[in-house]
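Dear colleague,

Please read them with the model open beside you.

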There are 2 protein chains.
Amino acid sequence: MSSAAHPLGEGIGTKADEIALAIEEAIVSGELEPGSVLRQEQLSATYSVSRTPIREALRRLSALGLVSFEANRGFRVRTLSRQEMYEAFLLRAELEGLITSVAAEKATQDDLAELEQAEKRFSRLTRALRAREPGDDRRSLTVDWMRANHGFHDVIYRVANLPLIEQTAKNARRTFSGPAVWAPGDETIDELYLANERQHRAIQAALAARSPEGARELAHAHVLSSFNLLETILEQVGRPLPRSR
Amino acid sequence: MSSAAHPLGEGIGTKADEIALAIEEAIVSGELEPGSVLRQEQLSATYSVSRTPIREALRRLSALGLVSFEANRGFRVRTLSRQEMYEAFLLRAELEGLITSVAAEKATQDDLAELEQAEKRFSRLTRALRAREPGDDRRSLTVDWMRANHGFHDVIYRVANLPLIEQTAKNARRTFSGPAVWAPGDETIDELYLANERQHRAIQAALAARSPEGARELAHAHVLSSFNLLETILEQVGRPLPRSR
DNA sequence: CGGCCTGGATTCGGATCCAAAATCTGCTAC
DNA sequence: GTAGCAGATTTTGGATCCGAATCCAGGCCG
């Protein structure tokens, strides 16, 4: 585990930080719905602390863009319009491109082996997600799939060794859609999942071939393609991205 | 003035937000030295409020990366190593490249006229900065020059109309070095200032010519060149970027 | 003489308290 | 029946208070 603090410098030690992490987790996992109001009193009860650290945690999440804030009205889980969502992916596409190209220059054999492992995990999760056994928990499967997906890119981040940019990329990644989404799946979506996996393999190959420009292009296209996947799922699940806000 | 809130959504209304802005201003203008500890009690006295909104403000700045934080030890104005500083500029280079290329596709005649105005202001300030009249306040001159510099890019941001990415770019820009730096100047630095101005004009021309790829390249190179300028000034002023942290 | 311990002064993190803003509810007037 | 208003209730923002961690200075021991 990356253990170390979350953004740079900050971290554990104070309740405010632990709670920020906990709330973030709740948002990302979809436990807290986008748009829902975050009552300080209620959170304070949930986490058994006073409102003071709660508010500090919310301030932090607000600065990171995960929650929105209106004076005297409160915080709510942020919702993104299609345009904003697209921007978040465009941003990530640029950053992933940069990071991946730098990683291609630096990767050692060990790094490549680690990437291989991450890719295998991701591949396994993708198969599990496509299998759709009756009675499996698609929600947690999706969360696991996303984690494996992130895990793959995290290896690349580590190799590139650009902590500040990595932080920004991760933030854009969190902001992506807020909650995890999942769909029963159909042929279109299946194809997109498979394409996603193929792209990972291609990126992996570009790193192995020490091709910075190739890696950049592939990573860039990969992220934009993920936007496509997400949008398709959201439509299929009857929750299309709002055109305006 | 841009009036509207700072990041997205947040803004005026609460003291915590006003104070965050005030402290940020103090950091960016160099009033608060990098590395200096921010005592809550003292800030509370300075702004005539209790420590509660002060702490919320600091939390926010911490999430934005302007101040660093250690549990039970306090907040301090963040210092960046050379590597981190370089990363901040690399990040900005990518984002400016993206934003400028999008702006090149969208710019209207009015936009180009506005850009022309911003360029003129910047050009004027550059001349003033190079003039070095005896008795002029180089500190505030530099702050003004930076503002004009930012103003030029702000026009482009507005034209590109990518608020989320704009926000990220502005954040990277704030984080750049913390405080403004200024030097009496010599031939090398003069030449760099002039190069900077030439680059602005080139970017302007690329926008006028509706050349997205050209604009991207120029903007990218421009930001990296700014890093060079900054580093040169810092060395000249006897405060070179720390190699490690 | 120098490193280490101890007790007091600071400073921080969090809980509690209070005033102001917003929201809700039920009544009134049209 | 509905628009609008007044008071009650909820919820937020900020101030104050208290326990705990850190820092600092002086003394002790090797």
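To begin with the DNA, the surface near DNA strand D divides by class into four nonpolar, eight polar and five charged residues, where Ala, Val, Leu, Ile, Met, Phe, Trp, Tyr, Cys and Pro count as nonpolar, Asp, Glu, Lys and Arg as charged, and the others, Gly among them, as polar. This is a predicted model, in which local features need pLDDT of at least 70 and side-chain atom pairs count only at pLDDT 80 or more, while totals for chains, interfaces and linings use all residues. Residues are numbered from 1 along each chain as its sequence is written, and chains are lettered from A and ligands numbered from 1 in the order in which they are written.

**The DNA strands**

Around DNA strand D there are 17 residues, of which the closest are Gln40(A), Lys15(B), Ser50(B), Thr52(B) and Asn72(B); a residue is near a molecule or strand if its C-beta atom, placed from the backbone, lies within 6 Å of it. At least two residues of this surface come from each of helix 2 (40-47) of chain A, helix 1 (15-28) of chain B and helix 3 of chain B, and helix 3 of chain B gives the most, with three residues. Helices (H or I, at least four residues) and strands (E, at least two) are DSSP runs, numbered from the N terminus.

By class, the surface near DNA strand C has four nonpolar, eight polar and five charged residues.

**The two protein chains**

Chain B is superposed on chain A by a rotation of 180° with 0.0 Å of shift along its axis, at an RMSD of 0.1 Å (copies are superposed by least squares on the C-alpha atoms of residues with pLDDT of at least 70 in both). That is the relation of a two-fold axis. The same surface serves both copies, since 100% of the contact residues of chain B recur in chain A; two residues are in contact if their C-beta atoms, placed from the backbone, lie within 7 Å.

The contact takes 30 residues from chain B and 30 residues from chain A. On the side of chain B that touches chain A, helix 3, strand 2 (67-70), helix 4 (82-106) and helix 7 (163-175) of chain B each supply at least two residues, and the largest share, eight residues, comes from helix 4 of chain B. The residues of that side divide into 14 nonpolar, eight polar and eight charged.

The axes of helix 3 (residues 51-64) of chain A and helix 3 (residues 51-64) of chain B come within 8 Å and cross at roughly 35°, where axes are lines fitted to C-alpha atoms, for helices over the stretch in contact, and angles run from 0 to 180 degrees between N-to-C directions. Arg55(A), Glu56(A), Arg59(A), Arg60(A), Ala63(A) and Leu64(A) meet Arg55(B), Glu56(B), Arg59(B), Arg60(B), Ala63(B) and Leu64(B) there, and by class this contact has four nonpolar, no polar and eight charged residues.

**Packing within a chain**

Helix 1 of chain A and helix 3 of chain A pack at an angle of about 55°, with their axes 8 Å apart. That makes helix 1 of chain A oblique to helix 3 of chain A (angles under 35 degrees count as roughly parallel, over 145 as roughly antiparallel, 65 to 115 as roughly perpendicular and the rest as oblique).

Helix 4 of chain B and helix 9 (residues 212-236) of chain B pack at about 155°, with their axes 7 Å apart. That makes helix 4 of chain B roughly antiparallel to helix 9 of chain B, and their contact has ten nonpolar, five polar and five charged residues.

With best regards
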